[in-house]
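Visitor: I would like a close look at the aromatic residues of this model, and at what surrounds them. Please take them one after another and then move on to the neighbouring topics of helices and loops.

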Amino acid sequence: MQTIFLILFIFSTIIQFCYWIFLFSRLAFYKIPTKYLQKTERVEQPVSIIICARNEAENLEKNLPRILNQNYRSFEVIVVNDNSTDNTENVLLKYIKNYNNLRVINAGTKPPGMVGKKFPLKIGIESSKFATLLLTDADCSPSSLDWLYCMQRRITDTTEIALGYGPYAAQPNLLNRFIRFETIYTAIQYFSFALAGESYMGVGRNLAYRKRLFAKTDGFAKHKHIASGDDDLFINEAATRENVDIVLEKETFVFSEAKTTWRDYYRQKTRHLSTARSYRLRHQILLGLLSFSHFFFYIGGIMLIILKFSIIFVGTVFVGRLLLLQFFYAHILKRFHNQTLLAWVPILDAMYILYYVTFTPNLFTGKKITWK
């Protein structure tokens, strides 16, 4: 038994070091191209911003003005009202009187077999006037009025997808810290994979792509029966090694409010993770290997200590990996302007074992989950 856990522990350690040194280091030391940091003549292409809203009156009241008032000449904001039963319609009617670039579309009845927000999003995309699309959610607020400009300039003749970052606002409690840490760890993965030419997901809170790409992939047809996936499954299908760029300027961050109870967070993540089993096989293998090594690094080490294996050996390996994590997280958290989490990395990284135990079964149950 001791030999089995020793093999698992060593194997997991090697895999963890490989992922951090050879893959995640790409993000840690990524340099934003100089042309995006220098002040040059602005080149603006017309953009359609699309938001799906279902019972989002309060969020729209709070966040929509910041989107409508972006520093940009030619853009439209399409809000698709997905059968809201609250005050969403009245809020939208109020804003539409004052903003001629706001369009409101009522989603109507979903066709059989299409779930989640894919149908309203499909309506919004097909109704859009412009060739470049920028997606966000009603509960999101761009960090600056140059969000639209900075996102759209990454869409070029060859780059059809721009992956943005969607952090959560900070609150001084453990749940919020874990949610922010999990969001950053997920971002580390999808940004690093994109830099390696293996894009597998983006976040619908902050995502831009060409409208023609939506038509080329037949939209959400292949995964219309899955509640989530309007962002990650679409990118998993549409991305190539050449047509994706990542956007990490601070001005492009789009903030959301994190869940405030563990139960709500569980429901949210269960819905998000329901898409992973539909990823391309190589992405499932690569992500599965990462999770496997993370989990068994801790479990293997703990079991070796329980079985009275060399505490010095196990402790040295634990400290070595922790120092590696602290080194890379120091760079990455600075990039994401979230350095206050650095002191919490040892605790939050270990807590991830509970995350795996809690959510991994949902990857195999096939349980149907609604959008809202």
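Guide: A residue is called buried here if its relative accessible area is under 20%. The model is predicted. By that cut-off Phe 297 is buried, and Tyr 298 is buried too. The rings of Phe 297 and Tyr 298 also pair with each other: their centres are 5.4 Å apart and their planes lie at 85°, so the pair is edge-to-face.

Across the whole structure, a search finds 43 aromatic pairs. One of them is formed by Phe 178 and Tyr 352, with ring centres 5.8 Å apart and planes at 45°, so this pair is tilted. Phe 178 belongs to helix 6 (residues 174-195) and Tyr 352 to helix 12 (residues 345-359); the two are 174 residues apart, and the pair thus links distant parts of the chain. Phe 178 has a relative accessible area of 3%, which means that it is buried. Tyr 352 also counts as buried, at 3% relative accessibility.

Tyr 200 is a further aromatic residue, placed in the loop between helix 6 and strand 7. Its relative accessible area is 2%, so Tyr 200 is buried. Leaving out neighbours within four places in sequence, Tyr 200 is in contact with residues including Thr 186, Gln 189, Tyr 190, Phe 193, Tyr 279 and His 283. Tyr 200 and Gln 189 are eleven residues apart along the chain, and their C-alpha atoms are separated by 9.4 Å.

Next, the helices. Helix 4 (residues 118-127) is mostly covered, with seven of its ten residues buried. Those buried residues are Lys 118, Phe 119, Pro 120, Leu 121, Ile 123, Gly 124 and Ile 125. The elements that cover them include strand 1 (47-53), strand 2, strand 3 (102-106), strand 4 (132-137), strand 7 (207-210) and helix 7 (211-216).

Helix 1 (residues 2-28) consists of 27 residues. From its first C-alpha to its last, helix 1 reaches 36 Å, close to the 39 Å expected at 1.5 Å a residue. A kink of about 35° in helix 1 is centred on Trp 20.

Ser 84 is in the loop between strand 2 (75-81) and helix 3 (88-96). Its side chain is joined to that of Asn 81 by a polar contact of 2.6 Å. Residues up to four places away in sequence not counted, Ser 84 touches Ala 53, Arg 54 and Asn 55. Asn 55 itself is in the loop between strand 1 and helix 2 (57-68). Although Asn 55 is not a glycine, it has a positive phi of about 55°. With 36% relative accessibility, Asn 55 counts as partly exposed.

Lys 308, in the loop between helix 10 (281-306) and helix 11 (311-335), likewise has a positive phi, near 65°, in a residue other than glycine. The relative accessible area of Lys 308 is 75%, so this residue is exposed.

Note on methods:
Residues numbered from 1 in each chain as written. Predicted model: local features only at pLDDT ≥ 70, side-chain atom pairs only at ≥ 80, totals over all residues. Heavy atoms only, no water. Phe/Tyr/Trp six-rings, centres within 6.5 Å; stacked < 30°, edge-to-face > 60°. Helix = DSSP H or I, 4+ residues; strand = E, 2+ residues; numbered from the N terminus. Buried < 20%, exposed > 50% of the residue type's maximum accessible area, 1.4 Å probe, protein only. Polar contact = N/O pair within 3.5 Å; in protein donor to acceptor, adjacent residues only side chain to side chain. Contact = heavy atoms within 4.5 Å. Expected span 1.5 Å × (residues − 1). Bend = angle between axes of the 7 residues up to and from the residue.
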